[in-house]
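Subject: Structure handover

Hi,

Here is the structure for you to look through. My notes on charges and contacts follow below.

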Amino acid sequence: MNAYCQEEFFSRAELIRLQEVRLRTTMARAARSPFYAEQFARAGVDLASIQGPQDIVRLPFTTKDDLRSAYPSRMLTRPVSDMVRLHASSGTTGSATVIYYTRNDIDSWADLMARCMHMVGVRAEDTFQNMSGYGLFTGGLGIHYGAERLGCLTIPAGAGNSKRQLKLLEDFQVSVIHIIPPYALHLGTVKDELGYTPDRLKLRVALIGAEPHTAAIRQRIEDVYGIKAYNSYGLSEMNGPGVAFECLEQNGMHIWEDAYLPEIVDPETGRPLPDGEIGELVITTLCREGMPLIRYRTKDLTRFLPGDCPCGRKHRRLDRIMGRADDMIIIKGVNIYPMQVEQVLMSIPEVGQNYLIVLEREGYLDQMRVKVEVKEEFFVEDMRELKNLQSRISSRLRDEILITARIDLVEQNSLPNSEGKAQRVLDLRK
Ligand code: AMP
Ligand code: ZN
């Protein structure tokens, strides 16, 4: 067995022993943060009673709202001066969430990511091109550090600019890429248009993830480039990428249980579900120093795949993420809550009551269109004024959600008005 580290092939018993030790350390650390000190006190948690994974159900959940309420630093176990990096979710208003990392956190994250890549055959001799956005999004630096840790020549290409991406791929004989699925398909089209025949590229492996995609999409990506593509799962709250990753079997993603303690719970009741049943993934960090998270509700829907993986690793496998237990939209790798859009719209006086976010796929790329009702008194015949309103809305939205949306202005009461919960999002991408 070709292991990146010994934990990779630990037996179940070894994993559980390690989890026990790390969970106790994590609890003690967490209790030093103002947020958890308060939460444990309120819930009457006796630290000494939490000895291992079996006791975890007695602990309260941590939610995205908790992260928001602890903004910017109430979940830290140590002073900010001990932190060396932060990443934040998209959004410029109160809805942002921040994750801090100590030097050790960055280090163990890089190791986890390197382990994932090593598992699918990436080695120091490979040249790696990261086509995901850098910046606050963890898919940039997170995977970058993993590739460097492995010793790959690493190209921080960032997102977009297909011509340049292809030139880099050819000039440096790139063998491994990280790319989000819709962009992989789009780039595939540009590749063919520009006449990049298979002999000009040396691609072998793609890491794909950051948003839900089907097995069919993966197959298409593999066909378009003549490569193997592996599903990569992570979320900023759990460092970023490197949480769970497919092995060469391409049948489920091993979640690294020496670093993460996973549970699948009923999204309604919060009660643990038996293996094989679909529910919400809940994760407790086991290695994080600066900002441990206890029983974090990811909102991602998946299940544990029953049975052992032929690869020999005993870290359990997660099925493809089937969707989300909330209304978060992921478009172009950016997370958006309909409420963020609403906040912007409702701050513009001309905007009426109703709006509808329409997600469309053009070719392989996702587009966002927002249909906005305009109050009667403002819905004038003057095209110039309407155009002006349109671009004002568009730029305000871009500031908030970092995505350029097309804005359709419509008359008051022309959008469907439902009796119950309003439908805010129409996803035509499926
Ligand atoms: P972020 O924190 O911005 O990196 O976004 C994390 C979210 O992206 C996760 O909670 C998932 O909803 C989604 N995501 C990440 N990787 C995958 C994947 N491989 N398949 C499906 N969804 C994913
Ligand atoms: Zn496996």
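Contact here means heavy atoms within 4.5 Å. By that rule, Arg-115 touches Tyr-4, Cys-5, Glu-7, Glu-8, Trp-256, Asp-258 and His-315, leaving aside residues up to four places away in sequence.

Some ground rules. This is a predicted model, in which local features need pLDDT of at least 70 and side-chain atom pairs count only at pLDDT 80 or more, while totals for chains, interfaces and linings use all residues. Residues are numbered from 1 along each chain as its sequence is written, chains are lettered from A and ligands numbered from 1 in the order in which they are written, and side-chain values use heavy atoms, with hydrogens and water left out.

Back to Arg-115. It sits in helix H4 (residues 103–119); helices (H or I, at least four residues) and strands (E, at least two) are DSSP runs, numbered from the N terminus. Buried means under 20% relative accessible area, exposed over 50%, and partly exposed in between (1.4 Å probe, protein chains only).

Now the salt bridges. Each is a side-chain nitrogen of Lys or Arg within 4 Å of a carboxyl oxygen of Asp or Glu. The count is 32.

- Asp-258 and Arg-115 meet at 2.7 Å, N to O. Asp-258 is in the loop between strand E9 (253–255) and strand E10 (260–265), so its pairing with Arg-115 in helix H4 ties together parts 143 residues apart in sequence. Both residues are buried.
- Glu-246 and Arg-218 have their closest N and O atoms 2.8 Å apart. Glu-246 belongs to strand E8 (residues 240–246) and Arg-218 to helix H8 (residues 215–225), so this pair links parts 28 residues apart in sequence. Both are buried.
- Glu-38 and Arg-74 also pair, with closest N and O atoms 2.8 Å apart. Glu-38 is in helix H2 (residues 34–43), and Arg-74 is in the loop between helix H3 (64–69) and strand E1 (83–88), 36 residues apart. Glu-38 is partly exposed at 42% relative accessibility. Arg-74 is partly exposed at 30%.

Last, the surface. Glu-376, Glu-377, Glu-381 and Glu-411 gather in a patch of negative charge. Patches take residues with over 30% relative accessible area and no salt bridge, joining like charges within 9 Å and nonpolar side chains (Val, Leu, Ile, Met, Phe, Trp, Tyr) within 5 Å. Glu-376 is in the loop between strand E18 (365–374) and helix H10 (383–401). Glu-376 has a relative accessible area of 64%, so it is exposed.

Best wishes

Definitions and conventions
Accessible areas come from the Shrake-Rupley method with a 1.4 Å probe; for residues, only the protein chains shown count as cover. Lys and Arg count as positive and Asp and Glu as negative; His and the chain ends are not counted. The place of a charge is taken as NZ of Lys, CZ of Arg, CG of Asp or CD of Glu.
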